[in-house]
Amino acid sequence: SSLLGRKVEKISIIPRGLSLGVTINEFKDDILRSEKDLNDDVIILMAGRAAEEIFCNQITTGSHDDINKASNIARQMVNVFGFKNDTPYIPESETLRIQGESYAKEILKESYQIAKEELRNNEKFMHSLFDILIEDKEISGSVIEKVLSKN
């Protein structure tokens with residue numbers, strides 16, 4: 001059960017607090033994070049919105065927190081870590097701020113397209129998980145592994 005190389009430990013559609021459901025994946029607690037690690041984080045966060053578009057044919061407010069987190073990571077990638085620029089910078093001028101926002105938007109758009117592509121490439125697997133979730137409300141990593149091996 002891999003999500004961009006990360007083990008998925010649990011998926012739940014049981015509402016908890018403000019969350020309507022959750023996917024718990026292996027947390028990378030590295031002190032040093034690469035550009036790829038952060039890009040993967042953004043792709044994973046954008047996958048909920050992409051799944052709504054692909055499988056529900058509608059967009060809801062359900063993924064707003066993930067989109068907010070993805071946006072913050074994209075901004076940090078540009079403004080703090082300098083991954084889209086030659087050097088990290090704090091956008092002190094309006095021109096630099098606009099340029100930084102443009103780069104962050106680019107990261108989000110690319111990540112969203114990758115998330116949609118991954119979901120479409122794994123549509124049979126996604127439908128199998130959906131069927132189990134509707135019945136059981138939660139799926140453990142071992143069940144996800146079994147479903148993945150069948151697809």
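In the predicted model, isoleucine 114 is found in helix H3. Isoleucine 114 and alanine 47 are separated by 67 residues in sequence, while their C-alpha atoms lie 8.7 Å apart in space.

Within H2, the buried residues are Ala70, Ser71, Ile73, Ala74, Met77, Val78 and Asn79, and the elements covering them include helix H1, residues 35-56, and helix H3, residues 94-121. For alanine 70, once neighbours within four places in sequence are left aside, the residues in contact are Val42, Leu45, Met46 and Leu108.

The largest nonpolar core contains 19 residues, of which Val42, Met46, Ala70, Ile73, Met77, Ile107 and Leu108 touch the most other members. At least two residues of this core are supplied by each of H1, H2 and H3, and the largest share, 8 residues, is contributed by H1. Apart from this core lies another, made up of 8 residues, including Ile11, Leu133, Ile139 and Ile144. In soluble globular proteins, nonpolar side chains tend to be buried together.

Terms used
Residues are numbered from 1 along each chain as its sequence is written. This is a predicted model: local features need pLDDT of at least 70, side-chain atom pairs count only at pLDDT 80 or more; totals for chains, interfaces and linings use all residues. Side-chain values use heavy atoms; hydrogens and water are left out. Buried means under 20% relative accessible area, exposed over 50%, partly exposed in between (1.4 Å probe, protein chains only). Helices (H or I, at least four residues) and strands (E, at least two) are DSSP runs, numbered from the N terminus. Contact means heavy atoms within 4.5 Å. A nonpolar core is a set of buried Ala, Val, Leu, Ile, Met, Phe, Trp, Tyr and Cys residues joined through side-chain atoms within 4.5 Å.
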